[in-house]
Amino acid sequence: MKRFIYLLFIFPAFLFSQTKDIYYESDRTNLDEEKYPDAVIFNKVTNQVYFKHEGIEVWCDQALFYQKDNFFKAYGNVKMNQGDTIKMNSKYAEYDGNSKFAFASDKVSLRTPDNQLSTDSLFFDRQKQEAFYRSGGKVRDSLSTITSQRGTYFMEKEKYSFRQDVVVTHPEYIIHSEHIDFYTKSAHAYLYGPSTIEGETSTVYCERGFYDTRADEGYFVRNSHVEYENRDLYGDSIYFNRNKNYAAATNDIKVIDTVNASTLYGQFAEVFRDKDSLIVTGLPHVATLQEGDAKQDSLFIASDTLILKGKETDRDISAFYDVRIYKSDLNGKSDSLHTNEKTGLTKMIGNPVLWSFDNQITGDTIELISNTETEKLDSLKVFDNSFMIQKDSIDGYNQVKGQYLYGLFEDNEIYEVNVIKNTETIYYVREDDGELFGINKSLAAKIKMLLENREVTDIYYYNQPEDKTYPEDDFPPNARKLKGFLWRGDERLYQKSDLFTNRKTYKKTEIQGIEDPEEEEEKPTEFKINEKSSLREAKDKKDKLKSE
């Protein structure tokens, strides 16, 4: 009877195989009921043991086949192929023909036309066409290597879902994330949770993002920012192109210049790293900390468009249209403004006006010169049609005008003013107790005014001046304003919020977000594990240890 059973098992496999049963071929077949009950033992002699089942083929050196369960375990040089697209190698594998569920362990390698997965153990659900690992894995393609603790490969979508300690290593950058969905054909990566992309010259951070690993460009949302060597870019959404060294941020953007202690704000920004330039629009303004001030005061510049160009040691700032500047002791307006941080020179062009405390200064062009070491205001120059006005009383104004005006500052307060060529003044002369003595009007080639505590203390006239002081009643009201007089007090900035008063409203761009991951990751326990599986044995041991 035993001999009959033995001969029965070595007959050709096709006598017993049915459509849904596992087909097998083996050079040598035997039984060992004591050691392997209910199993047929297959061994390689010349040819490897061979199994086939509904599109999957398996080769190995030895196998245990449980025919009643339609299940086998494969040992030694295991190869498992599904068509021409999935090829797997391992030292051990098992397969359940009923559930179409496979498991492989010990130096597992899964190859597709686009990449190769290496792991210690791999689960393969053929019904769902999903393979997954839970104890660490590595995926390589032509350019990158991706490692993670857990991963799932969705074969029909040609997509990997990597989770926990995900690291993408590329020749140009390294990505760290807790969850990345990666499409192998397009090389598109979707980042979920805190993620960084670190390159040689920049680091991108986001909590949700998309990155094209071949084109080296991406789109990032949720607390996204890009860090360069000396500049950090923040925004509700950021587009980044590594090849072009270009980034653009949208909505509530912030650019921090770590070298020059300045911060730019706005609703849209573009960074051109190769040109060392930055453009900000959408209610843009920049705040620069004036380190030389005892109060650590900041200078604010606001306009319709702000442009920064040049290296940090020789940087230019340009502002266009409705430019406003504000500092606790200085403020002004102009059509455009240009400043160089290396020279400390700032030019206000196009109907400029400047207020140094109560002194209004106007002209065709105003230049401010700062000391680059102390960062304090050193002097100013006004070219063509220069005019300085200080309100003396409800109806009176101290005035000086000429072709050019030069002012000197100390502790950011103007203390000396020199006006040359065709100069005129109107000055309200007061007694020590403040009582009005008279109104002085003069003409001269040059005038020097000295100020103390923001008040005019002395006036000097040069080159045969015409100078006369009139009693108030003898100086008609219509003569108390010099030609070209224009008081612009209603434009003066008294606080930071005045930088944005009566500006055109800006509608924020609607941000296109990135949807949640499509699939929930599978767990091995969700599958019906065959009673003969090594996974079942391991689970039973684990449960026993827990109960003890």
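## Salt bridges: the criterion and one pair

A salt bridge is a side-chain nitrogen of Lys or Arg within 4 Å of a carboxyl oxygen of Asp or Glu. In this predicted model, Asp392 and Arg430 meet that criterion, with their closest N and O atoms 2.6 Å apart.

## Confidence in the model

The mean pLDDT of the chain is 87, and 91% of the residues reach 70 or more. Over residues 1-19, pLDDT stays under 50. For this stretch the model has 19 contacts beyond four places in sequence.

## Other salt bridges

Side chains of opposite charge can pair when their charged atoms come close. Over the whole structure, a search finds 16 salt bridges. One of them joins Lys185 to Asp114, with 3.7 Å between the closest N and O atoms. This pair links distant parts of the chain, 71 residues apart: Lys185 is in the loop between strand E16 (173-183) and strand E17 (188-199), while Asp114 is in the loop between strand E9 (101-111) and strand E10 (116-125). Asp114 counts as partly exposed because its relative accessibility is 26%.

Asp252 and Lys508 form another salt bridge through their side chains, at 2.8 Å from N to O. Here the linked parts of the chain are 256 residues apart. Asp252 belongs to strand E21 (residues 246-257), whereas Lys508 sits in the loop between strand E38 (466-470) and helix H2 (534-547). With 39% relative accessibility, Asp252 counts as partly exposed; Lys508, with a relative accessible area of 42%, is partly exposed too. A network of salt bridges links Asp304, Asp322, Arg324 and Arg503.

Glu94 is placed in strand E8 (residues 86-96). Its relative accessibility is 4%, so Glu94 counts as buried; the cut-off for that class is under 20%. Leaving aside neighbours within four places in sequence, Glu94 is in contact with Phe71, Phe72, Lys73, Phe101, Ala102, Phe103, Ser533, Ser534 and Leu535.

Two serines from this list make polar contacts with Glu94, side chain to side chain: Ser533 at 2.2 Å and Ser534 at 3.0 Å. The C-alpha atoms of Glu94 and Ser534 are separated by 8.4 Å, although the two residues are 440 apart along the chain.

## Lys73 beside Glu94

Lys73, one of the residues in contact with Glu94, is found in strand E7 (residues 71-82). Lys73 counts as buried because its relative accessibility is 6%. A polar atom of the Lys73 side chain lies 2.8 Å from the backbone oxygen of Lys532.

Note on methods:
Residues numbered from 1 in each chain as written. Predicted model: local features only at pLDDT ≥ 70, side-chain atom pairs only at ≥ 80, totals over all residues. Heavy atoms only, no water. Helix = DSSP H or I, 4+ residues; strand = E, 2+ residues; numbered from the N terminus. Buried < 20%, exposed > 50% of the residue type's maximum accessible area, 1.4 Å probe, protein only. Contact = heavy atoms within 4.5 Å. Polar contact = N/O pair within 3.5 Å; in protein donor to acceptor, adjacent residues only side chain to side chain. pLDDT = per-residue confidence, 0-100.
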